[in-house]
Amino acid sequence: MLELAEADEAAVRDGGSTGPLRQAELSFISVDIAQAIHWSEGQVHHRVAQARRLRDATPTVWTAFAEGRIDGAKAREVSGAIDKLRRSASIERLDRQIVAYAERHTLAEVRRWLKLFVARVESDLFAERANEERANRAIDVFHGDDGMGWMTIYHQSHVLAAVDKRLTKEAKAFGSDDERTMRQRRADLFAAWMTTNEAGQPALNADIAVTLPGSALAGVDQLPATAADGSWVVPAEWILELAKYDGNNLFWHRMILDPVTDDVLAHEYKGRFVPAVLAKALEFRDGVCQAPGCCKPASQCDIDHRIPHDDGGPTAGWNLGPYCRRNHIQKGFGLLDTGPTAKSPPGRSRNSPLHSVGMPEQLTSGTLRGMGIDFVYVAAAA
């Protein structure tokens, strides 16, 4: 499509037309292609622009796409990331790093990787955009048919994450005797909260797992805060602002990427079932289901032994990880390979390595764990 569009553009420029006529002829190229393949003009215009951006800005990605090593959906995600980056060095770095990851991971994982890369590699610009965008927070109501309508809320991601967690937590508390589905319970709870006049305290009583690079916590740089499952990114200052309010009751849990003997993740328990404090730490550490390609949040997963407990596998951080119910069952039947059973590095190394995405290259060129780079995990009742 790009080759056809550019050939037609060259023909127009060589045709001798000028001024408004030339502009009309150039604009008609998208219309002509759209009619031939039964797409809208807008679809063709955007697809050609995406292709041109990939070819011109990221030749390694373009070659991988042309050779079929990454598909069109992943290529379009990369093009969208290029559009957000403002520095040529950042785009060149993206071109060097993304292909190897995209070849081995799903579209959802690539999308999550790119979101974190853009936020970290140009963290100052990300914080600037986020603070500007915060001014656009809003609630809109749209009334539909059959007596129903939609409410959309545009707000800061960490706040909405806390609302989401609280809705799920409170909905589950109704118990199995409640005939409503979880979606119905959540909707009814939200409506009830919004239509009562009891303001109460600001705390939502819901844990949200957030990772903060230690350098950002110390004020050395502007690297952003990231959800443990990689689904959203916000400026670190937004999370640090929460600490100013006693009502938020923050709990800070410091974790070192190179596990140390006195860390909760290094403790072993004699029983089969995982203590609550270890389960929470594992949720923060791994973020998502540890089955390859699965992005189910760890908070919605089972905590499972990699080496089965019945086979002598200890209830220890290195032998435990979250698996969604579907993959947990597959693992139980021997259909899912959980990787090496030795004490391998914890967490995302078995699924989606996101810790080093977009970190300064002088750090990522070495081994983060060996350098003792640490992250702060925050459970915030925001």
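In this predicted model, Lys165 and Glu283 pair up through their side chains in a salt bridge, with N and O 3.6 Å apart. The two partners sit in distant parts of the chain: Lys165 belongs to helix 9 (residues 157-172) and Glu283 to helix 13 (residues 276-286), 118 residues apart. Lys165 is partly exposed, at 24% relative accessible area, whereas Glu283 is buried, at 13%.

That pair is part of a wider picture, since side chains of opposite charge can pair when their charged atoms come close. The whole structure has 15 salt bridges. One of them joins Arg69 to Glu103, with 2.8 Å between the closest N and O atoms. Arg69 lies in the loop between helix 4 (59-66) and helix 5 (72-84), while Glu103 is in helix 6 (residues 88-104), so this bridge ties together parts 34 residues apart in sequence.

Next come helix 1 (residues 2-14) and helix 3 (residues 41-57), which pack at about 95° with their axes 9 Å apart. That angle makes helix 1 roughly perpendicular to helix 3. On the helix 1 side, Leu2, Ala5, Glu6 and Glu9 meet Val48, Ala51, Arg52 and Arg55 of helix 3. The contact is made up of four nonpolar and four charged residues, with no polar ones. Glu6, Glu9, Arg52, Arg55 and Asp56 are also joined into one network by salt bridges that share partners. Within it, Arg55 and Asp56 come to 2.9 Å, N to O.

As for cysteines, the structure has zero disulfides. The sulfur of Cys324 is 3.9 Å from that of Cys294, its closest cysteine sulfur, which is too far for a bond.

Conventions. Residues numbered from 1 in each chain as written. Predicted model: local features only at pLDDT ≥ 70, side-chain atom pairs only at ≥ 80, totals over all residues. Heavy atoms only, no water. Disulfide = S-S within 2.5 Å. Axes fitted to C-alpha atoms, helices over the stretch in contact; angles between N-to-C directions. Helix = DSSP H or I, 4+ residues; strand = E, 2+ residues; numbered from the N terminus. Parallel < 35°, antiparallel > 145°, perpendicular 65-115°, else oblique. Contact = heavy atoms within 4.5 Å. Nonpolar A, V, L, I, M, F, W, Y, C, P; charged D, E, K, R; others polar. Salt bridge = Lys/Arg side-chain N within 4 Å of Asp/Glu carboxyl O. Buried < 20%, exposed > 50% of the residue type's maximum accessible area, 1.4 Å probe, protein only.
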